[in-house]
Amino acid sequence: MLRLIVGFDRCVSASPGGTSPDLQYEAITGTPSQRVQRNFVRPLGFRWPDGSVGDMIFRMEVIALQSGSSGNCIYVEAAGMRLLFDAGISGRQAEQRLASFGRDIRDVDALVISHDHRDHAHAMGIYQRKFGIPIHVTPDTLSVARRKMSLGALHDVHYFRSGTTLTLGDVRIETIRTPHDAVDGVGFVIDDSAVRLGILTDLGHVFDELDEVVESLDAVVIESNHDPEMLAECFYPESLKRRIRSPRGHISNRDAAELLHRSASTRLKWACLAHLSGESNTAELALDTHRRVLGQRFPICCADRGAAIDVLAV
């Protein structure tokens, strides 16, 4: 099996064939007949040891379709399952962005909702009615989301309790309760028995359980919402600034960087910084903060507030 190591260190927003991260590869084995053809970013001129040209096999693939206060949606393929986490972008956007990577949204096996805020939940009804995707959500999250926004008719809803583990095919999804200001918010750890991916956004603050969770991960999409100085100086009303800084708000660049510095193990292959504020953060500032704290321990990239970024693989 080939493992992709992505040397990002900058924010990438591109479709296949566009600008891609610097790439390195290791442990290339197998014959052409043993490889599955997939739509992955591949370095120019790449050849297998036998001289053939082919795409690569990965254990788990991640596409951050968008991340930020204007909408969140993350696609994960693992152990034969195709999963979407959150439905904060329109059905058309999700469909078109997945199609640009050769994926059909109608092949998605499940949509899992993290919490009841509009930028994570507003399009769940469209995803189900238009694309036939089953919804997995906590009862309280769905109840509050229905009161906050028009979801329309929902016909295929599967409930889970926050803090429990979902099993979808051969994938286990651990749900991590968060203190964010939602009724029943959760983060996720996706485990296919070989690789563990964390999706940890809208965290509130760095609560105790996060250290153990991060230590167990092979890759992580992690909130890095704001720079405290930019937040203090931006045009937000003081009430919103207090909410963001509060234990039920969002974690800062330094909060996220220090969590990774303290808890990430040598198994962590990469971190993707997510849910960056458009008014109190920049990708460059987030990356610089993490690099100053973490050095070159592992590759880091940023999810985009308005577009998909290239496939990340573990």
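Strand S13 (residues 219-223) and strand S14 (residues 270-274) run parallel to each other and are paired over five bridges. Helices (H or I, at least four residues) and strands (E, at least two) are DSSP runs, numbered from the N terminus, and two strands count as paired if DSSP finds at least two bridges between them. Within this pairing, valine 221 has cysteine 272 in S14 as its bridge partner. Helix H8 (residues 253-263) packs on the sheet and touches S13 and S14, its direction making about 155° with that of S13. Here contact means heavy atoms within 4.5 Å; axes are lines fitted to C-alpha atoms, for helices over the stretch in contact, and angles run from 0 to 180 degrees between N-to-C directions.

The model is a predicted one, in which local features need pLDDT of at least 70 and side-chain atom pairs count only at pLDDT 80 or more, whereas totals for chains, interfaces and linings use all residues. Residues are numbered from 1 along each chain as its sequence is written, and side-chain values use heavy atoms, with hydrogens and water left out. The predictor's confidence in each residue, pLDDT, goes from 0 to 100; the chain averages 86, and 82% of the residues score at least 70. Over residues 1-54, however, pLDDT stays under 50. Where pLDDT is low, the predicted coordinates should not be read in detail.

The chain as a whole contains nine helices and 16 strands. Of its 314 residues, 56% count as buried, a term that denotes under 20% relative accessible area, with exposed over 50% and partly exposed in between (1.4 Å probe, protein chains only). Among contacts with a separation of 6 or more, 62% come from residues 24 or more positions apart.

S13 and S14 belong to an open sheet of seven strands, in the order S9-S10-S11-S12-S13-S14-S15 and with mixed pairing. Its edges are strand S9 (165-168) and strand S15 (300-302); each has a single partner strand, so one side of each is left without a neighbour in the sheet. From one strand to the next, the twist averages 20°. Helix H9 (residues 283-294) lies across S14 and S15 and runs at about 160° to S15.

Another open sheet has seven strands in the order S8-S7-S6-S5-S4-S3-S16, again with mixed pairing. Strand S8 (157-159) and strand S16 (312-313) are at its edges with a single partner strand each, so one side of each lacks a neighbour in the sheet. Helix H1 (residues 91-99) packs on this sheet, where it touches strand S3 (60-66), strand S4 (73-78) and S5, at about 135° to the direction of S3.

S4 has antiparallel partners in S3, through six bridges, and in S5, through five bridges. Glutamate 77 of S4 stands opposite glutamate 61, and its bridge partner in S5 is arginine 82. The hairpin of S3 and S4 has six residues between the strands, and glycine 68 in the turn has a positive phi of about 155°. The hairpin of S4 and S5 has two residues between the strands, with alanine 79 in the turn at a positive phi of about 50°. In a regular strand the side chains alternate between the two faces of the sheet. Both faces of S4 are covered, with Cys73, Tyr75 and Glu77 buried on one side and Ile74, Val76 and Ala78 buried on the other. Six of the six residues of S4 are buried, so this strand is largely enclosed by the rest of the structure.

In the loop between S3 and S4 lies asparagine 72, which is buried, with a relative accessible area of 5%. Its C-alpha atom is separated by 6.2 Å from that of aspartate 86, 14 residues apart along the chain. Leaving aside neighbours within four places in sequence, isoleucine 190 is in contact with residues including Val76, Phe85, Ile173 and Leu197.

The structure holds three aromatic pairs. In one of them, the rings of phenylalanine 85 and phenylalanine 188 have centres 5.0 Å apart and planes at 50°, so the pair is tilted. Phenylalanine 85 in strand S5 (residues 81-85) and phenylalanine 188 in strand S11 (residues 186-191) are 103 residues apart, and the pair links distant parts of the chain. Rings of Phe, Tyr and Trp (its six-membered ring) pair if their centres lie within 6.5 Å, with planes under 30 degrees apart counted as stacked, over 60 as edge-to-face and the rest as tilted. Both phenylalanine 85 and phenylalanine 188 are buried.
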